[in-house]
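Please look at the sequence and the structure together before reading on. The briefing below then takes up a few topics in turn.

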Amino acid sequence: MRRGPGTPRPRPAAAAGGRRENNGKRPAKMGKNKGKRMGKTAKTTKTVARRSGIRVADAAAAAERAAARQEAEEAARRAHHLKELSFTSGAERALEELVFGDSLHVEEDDLLRCLAGPQGHNDPERETLQKDSSDSEVENEAKGNLLTKKPAWVDEDDEAEENVDMTHRYRKDFMKSDAEKTLTKKKLKRRLEEQFQRAMGGVPAWANLENRKKSKKTASDSESDEDDDLLRRTGNFVTNSESLPRGILKMGICLPANQERFANGRLATVQFHPSAQVVMTAGHDRSVSLFQVDGIKNPKIQSIYLESFPIYKACFSVDGEYVIATGTHHRMFFVYDMMSGNIIPIQKVRGVEERFLRSFELSPDGSFMLVTGTSGYLHLLSMKTKELISTMKVNGRCTASAFTPDSSKVYSYSKEGEVFIWDVRSRKCLHKFEDEGSLEGKCIALSKNNQYVACGSASGVVNLYTTDACLKERRPKPVKAIMNLVTSATCVTFNPTTEILAVASREADEAVKLAETLFRFLKEGTGEDEPVTEVKALEL
């Protein structure tokens, strides 16, 4: 039966259970096809496994090729590095091997021979270097054989001498004639040294380098000798004073220190230079004078005049290069530079509200200047900038103050007889004690070895304390009370060796007493008829 183009194809009838009826042949055919499909699946699995093995082998081969390539690059890099090292010197290679330990056959002798370079050169400079050196023999051998290197270039300006214009207002005083309009630096330096020596009365010991080296060498030798003596013998090592003889001290009046220029007014200050044989005088005649003390003529070195400035106090700086002077009725003060000859006025210090600046003290280390103000104020200034650092206040009115030898503390003496101890760094009051029997404080001094504190009162009594007692007790007992003055004790000072304590009063003639710190009064008699008039300043 033919079907038309739109006639659907007839389907066979379904058997019971939904299966087709095909005389039992259909199920057999289906089992055969299923077996074929399972065989194909097994073949596909084997193919995939075979291909995976190929891929793993390819990856391993690629990794091996990459490792080989990296090893080749590393070998090439090492070869290049060795090629560069071949151009370095044998000394550098030996040094690298010795430091990094790559070679066990390189020793110090081989390294020194490499550093020494070619032998056979007899250089006198190398022989001198080898003889003068204080190092070991191996180092001397290496240093002696070193070849001197020439400079890469020579600057002609370094060799040329630079001329200095002497017509400048700061250098006009160094001109000896109008023709010296220019000087070389060496000549100017020599002229400055000459002026300094004239001002100091010679070359100070601290400025002479050769003497300093010799003194250090002799000091070290003497110390070693003393140590040997201490170890070799036994006995009493306590000896008498080298500066003070035994028994009564006899003193005589020498030629006046200011013989060549007596002051026209009352002297207010006299002080010895810290390092030179020079003494300074200053007073109400508005002048500061320097004299060389030789005991024969005492020639005058220099004098400066401060117009309309009667001097209340003048003092050398610690290094001895400056003089600080305050006036009797001024808020300003002057600084005289002895090296350059300049007089520097210091106008009103910012922060210091005082009508007058009179009494002051300088710290032993040269860092601070302590100005005693009114109403108990103490103004601490910087010596470098002359500016105010801090202000301290005591109860009542402060009459005197003093630094400790290490510049770490300040002792201030009030009019009520109390002594305040200040810490310079923190500006705090560490302790306060009362001066025994003091009705009004006048002056205070500390010994150079920081062992004693001397307090002078208006009753003329000078109490001597130990610093340990002053720092611990509120009412310490004086070790000794000096009651030989019948007027106010206005001056008190120790000598540099702390063996003599000098006290004086400006309110009576011949009111000067010297006492040993071992509490033995010394004889002040001069053996001459010339009396000692009113004492204004005292210096040992």
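Predicted model: local features only at pLDDT ≥ 70, side-chain atom pairs only at ≥ 80, totals over all residues.

The number of salt bridges comes to 10.

- Once neighbours within four places in sequence are left aside, Ala 314 is in contact with Thr 269, Gln 271, Met 280, Ala 282, Val 323, Ile 324 and Ala 325.

**Lys 313 and its surroundings**

- Lys 313 belongs to strand 7, which covers residues 311-316, and its side chain makes a polar contact with the side chain of Glu 361 at 3.1 Å.
- Not counting residues up to four places away in sequence, Lys 313 touches Thr 269, Ile 324, Ala 325, Thr 326, Arg 358, Phe 360 and Glu 361.

- Glu 74 and Arg 78 form a salt bridge in which the closest N and O atoms are 3.4 Å apart.
- Both residues lie in helix 1 (residues 26-86), where they are four residues apart, or about one turn of the helix.
- Glu 74 has a relative accessibility of 29% and therefore counts as partly exposed, whereas Arg 78, with a relative accessible area of 53%, is exposed.
- Salt bridges that share partners join Glu 74, Arg 77 and Arg 78 into one network.

**Two further salt bridges**

- Glu 353 forms a salt bridge with Lys 348, with 3.6 Å between the closest N and O atoms.
- In this pair, Glu 353 counts as exposed because its relative accessibility is 59%, while Lys 348, at 45%, counts as partly exposed.
- The side chains of Lys 477 and Glu 436 also meet in a salt bridge, at 3.1 Å from N to O.
- That pair links distant parts of the chain, 41 residues apart: Lys 477 is in the loop between helix 9 (467-472) and strand 22 (480-482), and Glu 436 is in the loop between strand 18 (429-434) and strand 19 (441-446).
- Lys 477 is exposed at 62% relative accessibility, whereas Glu 436, with a relative accessible area of 35%, is partly exposed.

Terms used:
Residues numbered from 1 in each chain as written. Heavy atoms only, no water. Helix = DSSP H or I, 4+ residues; strand = E, 2+ residues; numbered from the N terminus. Polar contact = N/O pair within 3.5 Å; in protein donor to acceptor, adjacent residues only side chain to side chain. Contact = heavy atoms within 4.5 Å. Salt bridge = Lys/Arg side-chain N within 4 Å of Asp/Glu carboxyl O. Buried < 20%, exposed > 50% of the residue type's maximum accessible area, 1.4 Å probe, protein only.
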